[in-house]
Amino acid sequence: MSTTSAFETDIVIIGAGPVGLFAVFQAGMLGMRCTVVDALDAPGGQCSALYPEKPIYDIPGYPRIEAQALIDRLAEQAAPFDPDHRLGRQVSALTQGDDGRWTVATSAGDRITARAVIVAAGCGAFGPNRPPLAGIEAFEDGRSVHYYVRRREDYRGRRIVIAGGGDSAVDWALSLAEVAASVAVVHRRDRFRAAPESERQLKALAAAGRIDLVVPYQLDALEGQGGQLQAVIVRDLDGNARQLDADILLPFFGLAMTLGPIADFGLNLDRNHITVAPATMATSAPGVFAIGDIATYPGKLKLILTGFAEAAAAAHAIHPLVHPGQALHFEYSTTRGLPDKR
Ligand code: FAD
């Protein structure tokens, strides 16, 4: 699965988020093979990396589905088409040969050639905004400073400090208060940028003594040994310090979104997004398409369901590139059915 090599396929999909995964299915239904490359070690994009246990309510047909469960369903839906996943490697370059085909180079040394490329790279190489605390790297080896919560159970009985004032900080404070030994929420203001009902619940738990609301304070320093956190030092605007005993710090300061190498692909961009023709999802480079969060056009809605429709549009637009001269008759999946194995 994750070997280094030079090979050909029909379509290279950059990004194994929900939209990239659905593109595998759409392409497969039209008889096209896909290789999917992702910088992360597991498929799922933002859903798996940022909010796997959060319920999503606006996926058609699922009144409520947890983000990781949606990814599992999408992988199951794509499975009949045997997608080739190249994970844990970043796409570092995209070049076009004299014959019009594209070659995608990865940080692991792969060179994958294809008639078409679908960029489904979300917000690009996304990563958390890290607080500027001296020596924080020493605590980031998985033991003490976490930027994502993957499994709530891992926090049972732990002393947790959450920093931030947005939805993630507030939602995780509410959730982890049910399992943690203690939860402190550090925010530089006493008002939060979260859903009003969540903020109300947070303040109710604080009043009941189940969450320590540390406001208005900011992170100042970390104390611990050998990568294990023991306390978080916070300071208010007057410089008064408080020590919060803690095993784990969860800084939720949002995501840094950088296109990374995608910015150098030579595609037309608009404020860190790739501009596309909405009917086909074609970018400014012939044979290169963009779908999902990374693609933009007037009126774009950054939703998973929008990305699904874009995947279908791109697959239909790519078909003549992969199968030139072959007529494509539009068919419903109920008519076409699933192949045993294409
Ligand atoms: P992503 O999920 O961002 O996946 C892109 C993938 O591309 C990533 O895995 C990344 O590693 C990879 N990548 C990027 N650059 C490279 C590169 N150079 N090489 C290799 N790989 C690369 N949307 C909804 O519709 N409903 C909701 O309820 C909802 N709730 C949300 C809650 C939270 C907390 C968050 C953060 C988002 C939520 N969203 C929701 C938004 C939704 O998650 C995104 O719209 C969706 O993930 C976009 O999917 P995508 O496949 O386009 O990109």
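Is Asp212 buried, exposed or partly exposed, and what is its relative accessible area? In this predicted model, Asp212 is partly exposed, with a relative accessible area of 31%. Its salt-bridge partner is Arg242, and the closest N and O atoms of the two residues are 3.0 Å apart. Because Asp212 belongs to strand S14 (residues 212–214) and Arg242 to strand S17 (residues 241–245), the pair ties together parts that are 30 residues apart in sequence. Arg242 is likewise partly exposed, at a relative accessible area of 32%.

The salt bridges in the model number 20. One of them joins the side chains of Asp10 and Arg33, with an N to O distance of 3.4 Å. Asp10 is located in the loop between strand S1 (6–8) and strand S2 (11–14), whereas Arg33 is located in the loop between helix H1 (18–29) and strand S3 (34–37), so this bridge ties together parts that are 23 residues apart in sequence. Asp10 is buried, its relative accessible area being 13%, while Arg33 is partly exposed at 47%.

A further salt bridge is formed within a single helix. Glu199 and Lys203 are both part of helix H5 (residues 196–207), where they stand four residues apart, about one turn of the helix. Their closest N and O atoms are separated by 2.9 Å. Glu199 has a relative accessibility of 13% and is therefore classed as buried, the limit being under 20%. Lys203, at 35% relative accessibility, counts as partly exposed. Salt bridges also link Asp84, Arg86, Arg89 and Asp110 in a network.

The model also contains a ligand, which is surrounded by 29 residues. The closest of these are Asp38, Gln46, Tyr51, Val91 and Asp293. In the side chain of Asp38, an N or O atom lies 2.7 Å from an oxygen atom of the ligand. Backbone atoms take part as well: an N or O atom of the Pro18 backbone is 3.5 Å from a ligand oxygen, and one of the Ala39 backbone is 3.1 Å from a ligand nitrogen. Taken alone, the ligand exposes 990 Å², of which the protein buries 87%. By residue class, the shell consists of 16 nonpolar, nine polar and four charged residues.

Technical notes. Residues numbered from 1 in each chain as written. Predicted model: local features only at pLDDT ≥ 70, side-chain atom pairs only at ≥ 80, totals over all residues. Heavy atoms only, no water. Salt bridge = Lys/Arg side-chain N within 4 Å of Asp/Glu carboxyl O. Helix = DSSP H or I, 4+ residues; strand = E, 2+ residues; numbered from the N terminus. Buried < 20%, exposed > 50% of the residue type's maximum accessible area, 1.4 Å probe, protein only. Near = heavy atom within 4 Å. Polar contact = N/O pair within 3.5 Å; in protein donor to acceptor, adjacent residues only side chain to side chain. Areas by Shrake-Rupley, 256 points an atom, 1.4 Å probe, with all protein chains shown as cover. Nonpolar A, V, L, I, M, F, W, Y, C, P; charged D, E, K, R; others polar.
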